[in-house]
Amino acid sequence: MSGDEDASKSLPSTSETNNIEEPSEQNTPEGDANTNAGALEATDDKASTADEYIRLRVITSDMTNEVHFRVKAATALVRLKRSYCSKLGFQVDELRFVFDGHRITDDDTPKKLGMINDDVIEIYQERTGGGM
């Protein structure tokens, strides 16, 4: 291993890419004609692979932290939420995950929410209280 390789591994990154994968079950397509409408794939021979995975950006509300995830379109987003929280030291119930102005529930999937590559999920601190 050269010295340049060691140096590049030790430099901090402003963003990360995380893969969240399910066990390799082969699901048959359910006749979705527009599932690849927003993807920017150059070739059609990889269309079936492109439909399975989607890139998502998770950004804090103050724009100080951005984490990239690559998830299957049919994977429940609770897995992304847990992964994000474990990497940053939060409990899942401490944060609110929002896409397109709506709170993401545990059983939501990118496919169900109509997400495309590079869509943004915003993170907010969960607020509780209000009683005196």
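The charged end of arginine 70 sits over the ring of tyrosine 53, at 3.9 Å from the ring's centre. This is a predicted model. The mean pLDDT of the chain is 75, with 60% of the residues at 70 or more.

**Confidence along the chain**
- Residues 2-14 have a pLDDT that stays under 50, and the model gives this stretch three contacts beyond four places in sequence.
- In residues 22-47 the pLDDT is also below 50, and the model shows 15 contacts for this stretch beyond near neighbours in sequence.

**The aromatic pair**
- Searching the whole structure turns up one aromatic pair.
- Its members are tyrosine 84 and phenylalanine 97, arranged edge-to-face, with 5.9 Å from centre to centre and 85° between the planes.
- Tyrosine 84 belongs to helix H3 (residues 78-88) and phenylalanine 97 to strand E4 (residues 95-99), so the pair links distant parts of the chain, 13 residues apart.
- Tyrosine 84 counts as buried because its relative accessibility is 2%, and phenylalanine 97 counts as buried because its value is 1%.

**Threonine 109**
- The loop between strand E5 (102-103) and helix H4 (110-113) contains threonine 109.
- Threonine 109 has a relative accessibility of 14%, so it counts as buried, the cut-off being under 20%.
- A polar atom of the threonine 109 side chain lies 3.0 Å from the backbone nitrogen of lysine 112.
- Apart from neighbours within four places in sequence, threonine 109 is in contact with Ala73, Ala74, Thr75, Ala76 and Leu77.

Notes: Residues numbered from 1 in each chain as written. Predicted model: local features only at pLDDT ≥ 70, side-chain atom pairs only at ≥ 80, totals over all residues. Heavy atoms only, no water. Phe/Tyr/Trp six-rings, centres within 6.5 Å; stacked < 30°, edge-to-face > 60°. Helix = DSSP H or I, 4+ residues; strand = E, 2+ residues; numbered from the N terminus. Buried < 20%, exposed > 50% of the residue type's maximum accessible area, 1.4 Å probe, protein only. Lys NZ or Arg CZ within 6 Å of the ring centre and 35° of its normal. pLDDT = per-residue confidence, 0-100. Contact = heavy atoms within 4.5 Å. Polar contact = N/O pair within 3.5 Å; in protein donor to acceptor, adjacent residues only side chain to side chain.
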